[in-house]
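Please find below a colleague's note on one structure. It is set out as numbered points for a reader new to the subject.

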Amino acid sequence: SGSGSSSLMWFRKGLRIHDNPALERAAQSTKFLYPVFIIDPHYMEPDPNAFSPGSTRAGLNRIRFLLQSLADLDSNLRKLGSRLLVLKGEPSQVLFRCLKEWDVKKLCFEYDTEPYYQALDIKVKDYASIAGIEVFSPVSHTLFNPADVIQKNGGRPPLSYQSFVKLAGQPSWASSPLSVTISSVPPVGDVGGCEISEVPTIKELGYGDIEQDEFSPFRGGESEALKRLKESINNKEWVAAFEKPKGDPSAFLKPATTTLSPYLKFGCLSSRYFYQCLQDVYRNVKRHTSPPVSLVGQLLWRDFFYTVAFGTPNFDRMMGNRICKQIPWNDNNELLVAWRDARTGYPWIDAVMIQLHKWGWMHHLARHSVACFLTRGDLFVHWEKGRDVFERLLIDSDWAINNGNWLWLSCSSFFYQYNRIYSPVSFGKKYDPNGDYIKHFLPILKDMPKEYIYEPWTAPLSVQTKAKCIIGKDYPKPVVPHDSASKESRRKMAEAYSLNQKLNGKVSEEDLKKLR
Ligand code: FAD
């Protein structure tokens, strides 16, 4: 390869060819283009029992989704006469070897606001600058550049959705249509001594031993993302009337929302293209809902959390996080494990957790109920522990959004009405009085009569026997009584809030110990 003739497109998120400015730039005026994805051991942990604190590596479902997405990207690149080059190892080391071996003059990758990539990208940019390699790293994962919004707000992120929406205004790119097709890309050059593989199988990554009888119906990849997007926006009335939090969290055969989150997480779908399609629908209907409840409003929630997360040091922790209330959460491992393994004895909570294990996706309000239950509602376990479990098991697991919502649900930030606790019994019943959702995800309860399905421990023994489900044996008794546990939680929250106020947020670990 001669000088100036090779460029490298480094895919991380943004696993798509539509609306991909980094890919477009990489393809311009170059003889060879190397499209690369590096399998990063940092995210891999096949052992399902590896739930040590801080271990938030990807579970089977998300890796499966990722590999499907890579296979689809490879196939889309092949249609353009190219292919995806998969490598494995610590990303900067692998990348530096490729840059050298292929004599790359231009390196392109999507900008990423997560701390892990922020640190990695500094290393990569330093290396490139010394080696004389041009770097292009555009913001295209979100509607707005979080840094711009923070700057507009005088250097600090806006902490309410309303102020975010007002500050952000219209996205700068929205005045002209996005480039959503790429007609050709230069061929891949000689790969020389770099160890290139095909997209690996789930077994090759060590996840093969995990048995699972039901998976999420969401197949990874850009093609599937665009197909699903089309199905959603073709239903103009539905898009125009979309209103969250209305919608049934127990609907699983036909979920109440778009279910596009895993595609947005990996960037199989461009959030900007999604936004543009929604605006097109809005222009063609008489009336439509607005933020925060509309579908555009949902995308703005995503950008809101990205912005706050980017501008808040220690956003993913309680300690040292200036927007997080300091609360004396407990470290009760037994309660945590009961919640994680769907053994709380509350069928609604446990069914949602089984859906998490099997699908890696649940409706927003289902996430609300289990997050509230684990933290400020009933168990008073630290939100960081619940966050870890979600981070591992969700297929849409997203650093900014997941942490932001755990802060919200635990009344640690953004939302402070800790007296409003979801009932693990009556909340689900409102939507699904027959308990069809429970019966699907917890088949042990399939013969429990509907009058007991949300509180099976109240069923007479004769009923339990007939339903072939003895409570305390086949299915657990409640880990805590909701009435007294939630009352105690409210009391602890009140106490913690007043301490935070008294000490103006400067609460130490010692202060918290006294409250525990
Ligand atoms: P739709 O209602 O169709 O919305 C479209 C898109 O808007 C979503 O795909 C998502 O990208 C965005 N969006 C919707 N709601 C939110 C929200 N509250 N905050 C930020 N963006 C939003 N979402 C994730 O994508 N990743 C996570 O790791 C994640 N963790 C969560 C943890 C908790 C405790 C809670 C309560 C919510 C979490 N959410 C997370 C937010 C939300 O539940 C999901 O985005 C949503 O349910 C995904 O389904 P959907 O694509 O059908 O959403």
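Predicted model: local features only at pLDDT ≥ 70, side-chain atom pairs only at ≥ 80, totals over all residues.

1. Residues are numbered from 1 along each chain as its sequence is written.

2. Helix 6 (residues 161–168) and helix 11 (residues 295–310) have axes that come within 10 Å and cross at roughly 95°. Helices are DSSP runs (H or I, at least four residues), numbered from the N terminus; axes are lines fitted to C-alpha atoms over the stretch in contact, with angles from 0 to 180 degrees between N-to-C directions. Helix 6 is therefore roughly perpendicular to helix 11 (65 to 115 degrees).

3. Tyr161, Phe164, Val165 and Ala168 of helix 6 make this contact with Leu300, Trp301, Asp303, Phe304 and Thr307 of helix 11 (C-beta atoms, placed from the backbone, within 7 Å).

4. The axes of helix 15 (residues 383–393) and helix 16 (residues 399–409) also come within 10 Å, crossing at roughly 145°. Helix 15 contributes Trp383, Gly386, Arg387, Phe390 and Glu391 to the contact, and helix 16 contributes Asn402, Asn403 and Trp406.

5. Around the ligand lie 28 residues, the closest being Thr257, Thr258, Ser261, Gln298 and Asn402; a residue counts as near if its C-beta atom, placed from the backbone, lies within 6 Å. Helix 9 (261–265), helix 11, helix 14 (364–377) and helix 16 each give two or more residues to this shell.

Terms used
Parallel < 35°, antiparallel > 145°, perpendicular 65-115°, else oblique. Contact = placed C-beta atoms within 7 Å.
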